[in-house]
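Please look over the following structure with its sequence at hand; the briefing below is arranged by topic for reading beside the model.

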Amino acid sequence: MRFECRGLTFTYPGANRPVLENLSFSMAAPGFNAVFGPSGVGKTSFARLVAGNGKQGSGWFTYEGISTILYSYNQERLPGWSSTGSHLDKVCPPGKEGLKQELIRIFDVESLMSSRFSQLSMGQQNRMNLIRYLIQDFDMLILDESLANVDEALRETIILAVKQIFPDRLFLYISHNLTEVARFCRDILILGHGENLVVRGRDYCQGYLPDKEGLDRTMLEIMNAV
């Protein structure tokens with residue numbers, strides 16, 4: 001599995017300057033990889049280009065071993081005409097019922113299956129929406145602030161569980177949380193106002209032993225690259 005981007009430049013219609021300019025990098029392994037940077041540097045624009053959501057820029061992408069790309073994002077909404085449990089049932093492919101139930105338990109949403117989406121808190125909505133994507137078939141899943149408004153402890157539980165359940169899939173995790181991307185992601189693409197770099201994260205998995213010194217080094221490297 002390999003995901004590569006070469007010479008990507010993208011400018012919104014009417015804008016004076018590109019939001020992404022001559023972006024090149026490569027990620028050559030499944031697992032959690034990240035896109036990190038301050039607001040306004042083009043993280044979501046980049047995610048939508050990767051997912052092919054109707055936008056095109058110059059440059060090119062290479063996807064080896066990647067056929068199906070899904071894109072999930074913060075504040076994505078489900079229709080209110082049915083319960084959240086019914087929505088999950090409708091998108092759950094044959095043979096994935098066990099996976100769905102496992103994710104419902106890990107994401108701590110068992111008690112919400114009869115609720116309408118609009119009745120849930122922001123964090124509950126994001127958890128429910130992410131399950132909807134994880135039970136579908138995909139090779140790459142983009143998580144654009146998909147766990148926003150979820151408390152830190154549960155977010156860690158979810159990330160570690162997803163890494164264990166889907167070891168052969170590529171995740172592109174977009175977050176403003178420096179500590180989180182440094183701890184749980186492998187390759188971290190830094191989008192800043194200067195040169196774009198890829199920094200190697202700690203890539204912690206379930207059962208990991210905290211490494212404060214190493215984590216501090218990684219976080220410093222990321223901050224120096226922004």
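## Briefing

Ala28 sits in the loop between strand 2 (20–27) and strand 3 (31–36), where helices (H or I, at least four residues) and strands (E, at least two) are DSSP runs numbered from the N terminus. The model is a predicted one, in which local features need pLDDT of at least 70 and side-chain atom pairs count only at pLDDT 80 or more, while totals for chains, interfaces and linings use all residues. Residues are numbered from 1 along each chain as its sequence is written, and side-chain values use heavy atoms, with hydrogens and water left out.

**Loop and backbone features**

- Ala28 counts as exposed because its relative accessibility is 53%; exposed means over 50% relative accessible area, buried under 20%, and partly exposed in between, with a 1.4 Å probe and protein chains only.
- Not counting residues up to four places away in sequence, Ala28 touches Met1, Arg2 and Asp187, contact being defined as heavy atoms within 4.5 Å.
- Ala28 and Leu170 are 142 residues apart in sequence, yet their C-alpha atoms are 9.4 Å apart in space.
- Asn22, a residue of strand 2, has a phi near 50 degrees, which is a positive value in a residue other than glycine, and with 55% relative accessibility Asn22 counts as exposed.
- Gln75 belongs to the loop between strand 5 (69–73) and helix 2 (84–91); its phi, near 70 degrees, is likewise a positive value in a residue other than glycine, and at 45% relative accessibility Gln75 counts as partly exposed.

- Three strands form an open sheet in the order 2-1-4 with antiparallel pairing, two strands being counted as paired if DSSP finds at least two bridges between them.
- Strand 2 and strand 4 (58–64) are the edge strands, each pairing on one side only, and the twist from one strand to the next averages 10 degrees.
- Strand 1 (residues 2–10) and strand 2 run antiparallel and are joined by five bridges; Leu8 has Leu23 of strand 2 as its bridge partner.
- Helix 1 (residues 43–51) packs on the sheet and touches strand 1, strand 2 and strand 4, its direction making about 120 degrees with that of strand 1; axes here are lines fitted to C-alpha atoms, for helices over the stretch in contact, and angles run from 0 to 180 degrees between N-to-C directions.

**Strand 8 and its partners**

- Strand 8 (residues 187–190) is covered on both faces, with Asp187 and Leu189 buried on one side and Ile188 and Ile190 buried on the other.
- Strand 3 pairs with strand 8 in the parallel sense over three bridges, whereas strand 8 and strand 9 (residues 197–200) pair in the antiparallel sense over four bridges.
- Ile188 of strand 8 is the bridge partner of Ala34, and Ile188 also stands opposite Val199 in strand 9.

**Helix packing**

- The axes of helix 3 (residues 97–106) and helix 5 (residues 152–165) come within 10 Å and cross at roughly 155 degrees.
- Helix 3 and helix 5 are therefore roughly antiparallel to each other, given that angles over 145 degrees count as roughly antiparallel, under 35 as roughly parallel, 65 to 115 as roughly perpendicular and the rest as oblique.
- This contact is made by Leu99, Glu102, Leu103 and Ile106 of helix 3 together with Leu154, Thr157, Ile158, Ala161 and Ile165 of helix 5.
- The residues of the contact of helix 3 with helix 5 comprise seven nonpolar, one polar and one charged, where Ala, Val, Leu, Ile, Met, Phe, Trp, Tyr, Cys and Pro count as nonpolar, Asp, Glu, Lys and Arg as charged, and the others, Gly among them, as polar.

- The buried residues of helix 3 are Leu99, Lys100, Leu103, Ile104 and Ile106.
- These residues of helix 3 cover an arc of only 165 degrees around the axis, which puts them on the same side of the helix; the arc is that of the directions from the helix axis to the C-beta atoms.
- Gly98 and Arg105 are exposed on the other side of helix 3, while the cover over its buried residues includes helix 2, helix 4 (122–134) and helix 5.
- Asp108, which follows helix 3, has a positive phi near 60 degrees.
- In helix 2, Thr84, Gly85, His87 and Leu88 are buried.
- The buried residues of helix 2 fall within an arc of 160 degrees when seen down its axis, so they line one face of the helix, and they pack against helix 3 and helix 4.
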